[in-house]
2 protein chains.
Amino acid sequence: MSGSVVDPVDHDAPDGALAAPGPLAPGLAARRRSPAEEARTIVAGGTLGALSTLTATGDPWGSLVTYGVLADGSPALLVSTLAEHGRNLLGDARASLLVAEAGHGRDPLDSGRVTLLGHVERPAGPVAEAARAAHLAAVPTAVHYVGFGDFSLWVLRVRRIRWVGGYGRMESTGAAEYLAAEPDPVAPSAAFAVAHLNDGHADALLAMARTLGGYTDATAAVCTRADRYGLDLWVSTPRGKASVRVPFGEPVAAADGLRAAAVELARRAR
Amino acid sequence: MSGSVVDPVDHDAPDGALAAPGPLAPGLAARRRSPAEEARTIVAGGTLGALSTLTATGDPWGSLVTYGVLADGSPALLVSTLAEHGRNLLGDARASLLVAEAGHGRDPLDSGRVTLLGHVERPAGPVAEAARAAHLAAVPTAVHYVGFGDFSLWVLRVRRIRWVGGYGRMESTGAAEYLAAEPDPVAPSAAFAVAHLNDGHADALLAMARTLGGYTDATAAVCTRADRYGLDLWVSTPRGKASVRVPFGEPVAAADGLRAAAVELARRAR
């Protein structure tokens with residue numbers, strides 16, 4: 001079953017602001033990325049984040065940092081101890097890293113971001129080598145200052161994770177779930193796939209909304225999101241508009257597998 | 001004189017990594033934006049930032065926020081108390097807001113950002129009205145949730161400001177300087193002006209570097225930045241490459257004044 005993470009916050013909302021029509025027939029059980037998978041995917045997709053540290057007086061201090069990612073999802077930072085955030089980390093190892101998805105030109109609060117809270121450690125031995133390699137792979141220009149004596153590698157050991165996918169899509173998760181999860185392999189191609197589906201396959205999306213999503217009275221459907229488990233559709237009906245999930249038969253395992261999965265979904269919807 | 005803020009950090013650098021040839025003749029005294037002006041300009045140019053707050057256990061917590069700007073440069077936030085950062089602010093008013101300039105597709109650490117540290121207040125009366133208007137002007141989509149009972153306005157009262165313009169360009173400043181400074185009126189058109197100068201006016205830039213910048217042996221010059229006080233040029237010489245500042249005769253006062261100022265600079269360089 002879904003274990004849905006689409007759990008609208010209990011806003012004290014003006015009447016009707018959050019109302020949407022339901023399906024007229026049962027839809028398919030819709031698997032979604034877990035909060036840990038969402039978090040790993042956002043972190044894997046970026047190289048730039050906001051680091052929160054503590055000043056000597058305990059004030060919360062935000063700064064821009066670049067990061068790479070170790071195999072277990074731990075961020076590898078390269079920070080100058082001459083900079084304020086570097087001095088802060090030397091004084092108190094507690095830190096959080098905020099990473100936001102690249103903007104889509106829409107409402108920035110309706111997009112994904114994740115906060116990783118934990119503490120930093122100076123890696124040693126093979127971990128230091130891996131952290132250096134991960135950072136340089138993500139931030140090639142770091143080669144120009146990785147040799148400066150004041151720059152040092154830090155690994156953020158994550159203790160608590162807060163993922164926000166947009167309005168009403170948010171959940172916290174723990175370190176074990178985060179470290180064990182996989183980034184979604186299709187994330188890098190998802191935006192292209194969504195645009196392609198909307199540009200050339202409106203009929204297939206409408207069939208999916210009617211047959212697989214239970215919106216038998218749908219008059220149009222637009223794809224708003226694609227991931228390894230399925231598609232999110234924004235459906236127009238005479239009763240109003242609603243969001244519905246249509247799942248793939250099997251999760252996509254390969255980075256280039258989204259197209260075949262969407263074709264199969266269209267076939268099932270006919 | 002310049003009161004230059006280009007003050008290379010004393011990195012323990014590999015030999016030669018920071019070396020650049022100097023001018024062969026005296027250049028013009030080059031005024032630059034003050035750190036407070038840089039900070040006001042970056043804050044005025046954005047609507048999205050990273051808020052650092054303190055959790056109940058004193059951990060530094062980073063989250064994505066939108067903001068508007070009051071006339072004195074104080075950020076106006078609209079935050080849900082159901083969200084973690086809202087609960088944090090209710091528990092401890094200390095906060096910082098990190099705002100980064102829009103990326104230019106180059107090294108993200110070689111671009112401007114600013115951290116505003118202070119504490120938040122719930123505004124009342126006319127300040128609340130102004131904060132609401134400033135937030136909605138910057139974030140029109142906030143009209144959809146400004147009426148939700150859990151969302152509340154906060155004004156960040158800034159105490160300390162850290163501006164970083166890129167590698168080696170950084171300075172701290174105080175609240176009085178920040179609140180009194182003006183955002184650069186030409187900032188919104190600067191990127192276009194830089195591209196236009198480089199695309200069509202390479203000869204004029206070279207003449208500026210030679211005549212006004214003191215690089216009499218310059219063989220090429222590229223404009224890297226424009227602001228109300230002048231242009232930054234990246235100059236090629238047989239001795240190597242260097243950055244030089246060429247100032248306008250008068251600071252540009254109007255948003256559309258950059259073109260006339262650059263034309264006048266080219267005339268003086270001939």
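These exercises, each with a worked solution, concern a predicted model and go from its two chains to single pairs of side chains.

**Exercise 1.** Work out how chain A and chain B are related, and through which surface the copies meet.

*Solution.* Begin with the superposition: a rotation of 180° with 0.0 Å of shift along its axis places chain A on chain B, with an RMSD of 0.1 Å. The two copies are thus related as by a two-fold rotation axis. Next, turn to the contacts, where 47 residues of chain A are in contact with 47 residues of chain B. Since 100% of the interface residues of chain A are also interface residues in chain B, the copies meet through the same surface. Finally, the area buried between chain A and chain B is about 3,700 Å², and carbon and sulfur atoms give 66% of that area.

**Exercise 2.** Find how many salt bridges are counted between chain A and chain B, and describe two of them.

*Solution.* The count between the two chains is 6 salt bridges. One joins the side chains of Glu84(B) and Arg160(A), at 2.7 Å from N to O. Another joins the side chains of Arg94(B) and Asp59(A), at 3.7 Å from N to O. This second pair crosses between chains, from strand E4 of chain B, which holds Arg94(B), to the loop between strands E1 and E2 of chain A, which holds Asp59(A). To compare their surroundings, recall that buried means under 20% relative accessible area: Asp59(A), at 4%, therefore counts as buried, whereas Arg94(B), at 28%, is partly exposed.

**Exercise 3.** Decide whether helix H1 of chain A is largely enclosed or open.

*Solution.* Take the residues in turn: Pro35(A), Ala36(A), Glu37(A), Glu38(A), Ala39(A), Arg40(A), Thr41(A), Ile42(A) and Val43(A) are buried. These are 9 of the 10 residues of the helix, so H1 of chain A is largely enclosed by the rest of the structure.

Definitions and conventions. Residues numbered from 1 in each chain as written. Chains lettered and ligands numbered in written order. Predicted model: local features only at pLDDT ≥ 70, side-chain atom pairs only at ≥ 80, totals over all residues. Heavy atoms only, no water. Buried < 20%, exposed > 50% of the residue type's maximum accessible area, 1.4 Å probe, protein only. Helix = DSSP H or I, 4+ residues; strand = E, 2+ residues; numbered from the N terminus. Least-squares fit on C-alpha atoms with pLDDT ≥ 70 in both. Contact = heavy atoms within 4.5 Å. Buried area = accessible area lost by both parts, 1.4 Å probe. Salt bridge = Lys/Arg side-chain N within 4 Å of Asp/Glu carboxyl O.
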